[in-house]
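These exercises are meant to be worked with the sequence and the 3D view open. Each task is followed by a solution in steps.

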Amino acid sequence: MHRGSRDRSSAAEELKVIAPSKLAIEDVSKSFQSASGTVLALDRVSLNVAEGEFICLVGASGCGKTTLLNIIAGLEKPDSGTVLADGKPVTGPGRERLVMFQEPALFPWLNVFGNVLFGLKLKPNLTNKDRRDVAKYYLELVGLSRFERANIHELSGGMKQRVSLARALAPNPRLLLMDEPFAALDALTREQLYGDIQEIWKARRKTIVFVTHNVREAACLGDRVLLFSPHPGRVQEEFTVELPRPRDINSVDLAAHATRITKALKRAGQTEAVARK
Amino acid sequence: MKRFLLAAGFFAVLLLLWDAAFRAKIWSPVLLPSPWQVAEYLKHAATDGTLAEATLITMRRLLIGYFIGLIVGLPLGLLTARWKLFRDTIGTMALGLQTLPSVCWVPLALLWFGQTEAAMLFVVVMGTLWSVVIATETGVRNVPPIYRRAALTMGSKRLHMWFKVILPAALPFIVSGMKQGWAFAWRSLMAAEIFVTILTGFGLGQLLHYGRELSAMDQVIAIMLVIVVIGLLADKIFFSPIEKFLHHRWGTSQA
């Protein structure tokens, strides 16, 4: 009979914490050894991301955008330069900065609920009931409450990515890193998710770094779009997208922005081709 | 129900054929007893307690040896998967010894331990251990790196990573290794019991052996049947449910 109010309020408090990160990347370089010699994946990249900002990194494949994301996540170490998350240097992975991968990295030995609960169980100072309540909240947020008990292989591609999103959101990270999360989905599912992610971003106020090679997607989601050029990986140009939200991927205004970015992207390809000659 | 009837029909036909062969007197009744003689022996052995005692002794040897094999094999498999040094040494040794038919351990066990329970145990452990080591190592090394990375970002590390991510991810491999280890242990124990007469207890293998000594074919066939049934039961009661669960979770079953 004594349970209840206190437990419930701590889950509610956990959900009330909304604290987006700010990110400062300074002079980050990273190179890899490949069969054809050393490849400079990132060449003194610097950028700042404000609290609660949604930025998109666009570029051709191999331009180092995923490498930068991994470095921010702490999964890879830069050769030089620093990444500061809220003023503190990033030295390794941590639950303040969660990643949503291109392939849904969901655990097949757990059901949907178990997957969303995974990160929460590693978060201290919560009771198990709080954890379950929080997991339920996020499953509802991505519209999959009915599939709590489903096995991962029973879900469609789009549902899997929704679960991944819920799993990444559940420990309440301050920064969400998304690595082409919608690239493998069909167009219809993708459009739905564009709407959802904007709503969730508004509701939970995360700082989001979103990697994609789809210019339209970037223009639809980002406050800012950073264009990466490959060999060596650099930030070539920066675009601010000032359109009201929620944005529709098919709107004409958005198409204008996308065209502008695509032109720049093509220029980047040409300069590279010239440089190679 | 239909499946059950079909299976029952199949075994009934098998029995009838056996009975017909006995009645046709192609072979001497000493070499081929009738199904009823075998049933008679089973009834007799079941009522005077011989069968229960032998089964109990055999199962005890098997289970103790098997669990020792598992308890030693799992960590060894994890070590070989984690560190190159262990892979080059223990891993290579496990690979080599796994190819050795487990019956081959019997002569060595006899010379080392004499006619004792220790010899039996040793043979069973050797039968189990190496399959488990290799399956665990293969399982761990086949865990997609993305699981590790995802878990890392959520704050999982060290023991938590091993117990909550790597081991569960490797489970399908580990279970098939456990199953193989069980089969090897069972075979090697039977070989050991047939070869080694020890006074601390008569197992099923020994009953089989004495059946041959006494030319009691009904006993030989009856004990063989018991051994087959135990193997089937172990599979149906222990391994099948686990495999079913894994197939269900991972989505790897066809039927």
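**Exercise 1.** In which loop of chain B is Ser215(B) found? State also its phi and its exposure in this predicted model.

Solution. 
- Locate the residue: Ser215(B) sits in the loop between helix H9 (204-213) and H10 of chain B.
- Read the backbone: phi is positive, about 50°, although Ser215(B) is not a glycine.
- Count the neighbours: Ser215(B) has 10 C-beta neighbours inside 10 Å, so Ser215(B) counts as exposed. The cut-off for exposed is 12 or fewer.

**Exercise 2.** Describe how helix H2 (residues 35-47) of chain B packs on helix H10 (residues 217-250) of chain B.

Solution. 
- Take the geometry: the axes of the two helices are 8 Å apart and meet at an angle of about 75°.
- Classify the angle: H2(B) is therefore roughly perpendicular to H10(B), as the range for that class is 65 to 115 degrees.
- List the residues: H2(B) contributes Gln37(B), Val38(B), Tyr41(B) and Leu42(B), and H10(B) contributes Asp218(B), Gln219(B), Ile221(B) and Ala222(B).
- Sort them: the contact of H2(B) with H10(B) has five nonpolar, two polar and one charged residues.

**Exercise 3.** How many residues of chain B are in contact with chain A, and which helix supplies the largest share?

Solution. 
- Count both sides: 16 residues of chain B contact 21 residues of chain A.
- Assign the chain B side to elements: helix H7 (145-153), helix H8 (158-195) and H10 of chain B each supply at least two residues. The largest share, six residues, comes from H7(B).
- Sort the chain B side by class: nine residues are nonpolar, five polar and two charged.
- Look at H7(B) itself: Tyr147(B), Ala150(B), Ala151(B), Leu152(B) and Thr153(B) are buried. The buried residues of H7(B) pack against helix H2 (65-73) and strand E6 (97-100) of chain A, together with H8 of chain B.
- Look just past its end: Gly155(B) takes a positive phi of about 95°.
- Check the predictor's scores for the complex: ipTM is 0.87 and pTM is 0.83.

**Exercise 4.** Which residues touch the most other members of the largest nonpolar core?

Solution. 
- The core has 121 residues, and those with the most contacts to other members are Val58(A), Ile72(A), Val116(A), Ala166(A), Leu177(A) and Val123(B).
- By element, the largest share of this core, 15 residues, comes from helix H6 (residues 117-141) of chain B.
- Follow one member: beyond four places in sequence, Leu177(A) contacts Leu69(A), Ile72(A), Ala73(A), Arg97(A), Leu98(A), Val99(A) and Val209(A).
- A second, separate core of 15 residues includes Ala45(B), Leu207(B), Leu208(B) and Val220(B).

**Exercise 5.** How confident is the predictor in each chain, and which element of chain A has the lowest mean pLDDT?

Solution. 
- Chain B has a mean pLDDT of 91, with 98% of its residues at 70 or more.
- Chain A averages 88, and 94% of the residues score at least 70.

Definitions and conventions:
Residues are numbered from 1 along each chain as its sequence is written. Chains are lettered from A and ligands numbered from 1 in the order in which they are written. This is a predicted model: local features need pLDDT of at least 70, side-chain atom pairs count only at pLDDT 80 or more; totals for chains, interfaces and linings use all residues. Axes are lines fitted to C-alpha atoms, for helices over the stretch in contact, and angles run from 0 to 180 degrees between N-to-C directions. Helices (H or I, at least four residues) and strands (E, at least two) are DSSP runs, numbered from the N terminus. Angles under 35 degrees count as roughly parallel, over 145 as roughly antiparallel, 65 to 115 as roughly perpendicular and the rest as oblique. Two residues are in contact if their C-beta atoms, placed from the backbone, lie within 7 Å. Ala, Val, Leu, Ile, Met, Phe, Trp, Tyr, Cys and Pro count as nonpolar, Asp, Glu, Lys and Arg as charged, and the others, Gly among them, as polar. pLDDT is the predictor's confidence in each residue, from 0 to 100. A nonpolar core is a set of buried Ala, Val, Leu, Ile, Met, Phe, Trp, Tyr and Cys residues joined through C-beta atoms within 7 Å. A residue is buried if 20 or more other C-beta atoms lie within 10 Å of its own, exposed if 12 or fewer, and partly exposed in between; C-beta atoms are placed from the backbone.
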